[in-house]
Amino acid sequence: MLVAGSVVVEENRPVSKMQVRSNKPGVDMSKIGTLESVWRYPVKSMRGEQVDEVFVAYTGVMGDRLYAISSSQAPPEFPWHTNREQEEFVLYSASYKNHATTLKPPAMEAAFKEALNPPYPSADAFALEIKTPAGATLDVDDPAFLESLRDKSEGELRLHFTQKNAVDCRPLSLFSRQTLAQLEQETGLVLDKRRFRANFYMNWDRAGGFYENDLVNRRLKVGDRLEIMVRELDPRCKSITIDPDTAETQPRILKHIARKHNGFAGVYAAVLTEGTVKPGDEICLLD
Amino acid sequence: MKPESNPAGDILSFRATLDGVEHEVPYTQGDALLDCMLADGLDPAFQCMDAHCGTCMVKLRHGEVEMRKNKVLSQRDLAEDYVLLCQSIPLSADVWVNCDE
């Protein structure tokens with residue numbers, strides 16, 4: 001009988017890759033918090049939606065920023081037309097017509113058993129409906145949708161679709177309840193967490209804000225399977241000054257973060273092992 | 001407001017309100033307002049210095065400026081007289097910006 005890591009293997013018996021790839025003995029996973037909520041933003045820069053349970057791929061949360069608007073006036077390295085150029089973007093809400101099929105890949109469990117990357121459904125499974133601030137409901141590829149944006153934009157606008165998640169920098173953005181509370185205390189403002197447009201909102205087990213800054217280059221496990229590595233601090237921009245319900249701007253928030261926190265609030269992470277997450281999942285430190 | 005220029009018309013200074021205090025900031029020809037404020041020991045908020053983050057957006061309360069470039073201020077911002085400190089070059093001798101708005 002062979003012993004490989006924490007797995008006991010009988011001789012001459014086939015072993016699946018998943019059995020070998022088990023936790024190494026002696027790895028201490030200490031719980032550091034809980035996942036409070038999970039968000040995705042079907043159209044880049046537009047209003048996000050909270051989800052109950054969702055698959056997180058190497059490219060990010062399933063259904064997150066699959067659609068984006070580009071402008072001919074934007075530079076090639078960042079061709080997007082965003083809420084910074086048109087604050088009303090945050091008042092547009094989007095929802096997938098086949099909501100349930102956009103939360104988990106159809107053969108996810110079977111793919112995991114074989115240590116495979118679960119394939120996504122085809123593009124038409126991600127058909128999207130937009131509700132405009134004026135109350136109209138349009139398909140995302142209805143010309144009237146882009147037309148509703150044109151009067152406040154410069155340049156020609158185009159709709160893009162990608163299953164690669166059109167994120168700015170990294171697949172996942174994380175922000176904590178404690179960081180929000182500290183910013184509220186420091187600014188004297190009541191702040192809506194949605195300004196920070198994170199994928200994961202966390203509730204740490206320890207008091208005090210900006211704890212996520214200490215987790216850069218450390219691995220976390222979220223829920224049963226997802227493993228991520230916090231890669232860098234999240235540099236903030238005008239986007240966080242925009243009220244998610246009114247689209248009014250409050251530059252003071254960004255100025256405060258720039259002067260007191262070097263411009264950073266929240267962190268970005270990369271995905272090491274794919275998996276599903278849901279509110280209430282424990283967050284454990286692996287390193 | 002008394003124009004701050006020399007007989008040749010060079011702009012010598014501009015006004016900036018920061019943290020509730022009004023400052024008269026010496027101006028160096030060709031520099032953006034932010035550069036001059038930092039050289040004067042002031043601490044306005046800024047980050048990218050490349051017109052894309054929006055941190056240094058301030059209200060132009062008086063006078064005229066020209067921005068070298070703008071990648072972040074919307075049509076609404078411009079209509080509300082916001083300018084970027086890192087990109088603004090004064091065109092008149094009576095510029096006053098409010099960094100607290």
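Me: Among contacts in chain B between residues at least 6 apart in sequence, what percentage join residues at least 24 apart?
Reply: This is a predicted model, in which local features need pLDDT of at least 70 and side-chain atom pairs count only at pLDDT 80 or more, while totals for chains, interfaces and linings use all residues. Residues are numbered from 1 along each chain as its sequence is written, and chains are lettered from A and ligands numbered from 1 in the order in which they are written. With a contact taken as two C-beta atoms, placed from the backbone, within 7 Å, the share in chain B that joins residues at least 24 apart is 53%.

Me: Which pattern does chain B follow along the sequence?
Reply: Helices (H or I, at least four residues) and strands (E, at least two) are DSSP runs, numbered from the N terminus. Chain B has two helices and seven strands. Read in sequence order, these elements give β-β-α-β-β-α-β-β-β.

Me: What percentage of the 101 residues in chain B is buried?
Reply: A residue is buried if 20 or more other C-beta atoms lie within 10 Å of its own, exposed if 12 or fewer, and partly exposed in between. The C-alpha atoms of chain B fill a box of roughly 35 × 25 × 20 Å along the principal axes. Of the 101 residues in this chain, the buried share is 36%.

Me: How many bridges join strand 1 of chain B to strand 7 of chain B?
Reply: Two strands pair if DSSP finds at least two bridges between them. Strand 1 (residues 13-18) of chain B runs antiparallel to strand 2 (residues 21-26), with six bridges, and Arg15(B) stands opposite Glu24(B) there. Toward strand 7 (residues 96-98) of chain B, strand 1 places Thr17(B) opposite Asn98(B). These two strands run parallel, and the number of bridges is three.

Me: Which residue in the turn of the hairpin of strand 1 and strand 2 of chain B has a positive phi?
Reply: The hairpin leaves two residues between its strands. The one in the turn with a positive phi, about 55 degrees, is Asp19(B).

Me: Which helix of chain A gives the most to the side that touches chain B?
Reply: The contact takes 14 residues from chain A and 12 residues from chain B. On the side of chain A, five residues come from helix 5 (residues 251-260).

Me: Which residue takes a positive phi just after helix 4 of chain A?
Reply: Helix 4 (residues 177-187) of chain A has the buried residues Gln178(A), Thr179(A), Leu180(A) and Leu183(A). Their cover includes strand 12 (172-176), strand 13 (200-204) and strand 16 of chain A. Just after this helix, the residue with a phi of about 75 degrees is Gly188(A).

Me: Why does Arg65(A) count as buried?
Reply: Arg65(A) is found in the loop between strand 6 (60-61) and strand 7 (67-71) of chain A, and its phi is near 50 degrees, a positive value in a residue other than glycine. Arg65(A) counts as buried because its C-beta neighbours inside 10 Å number 25.
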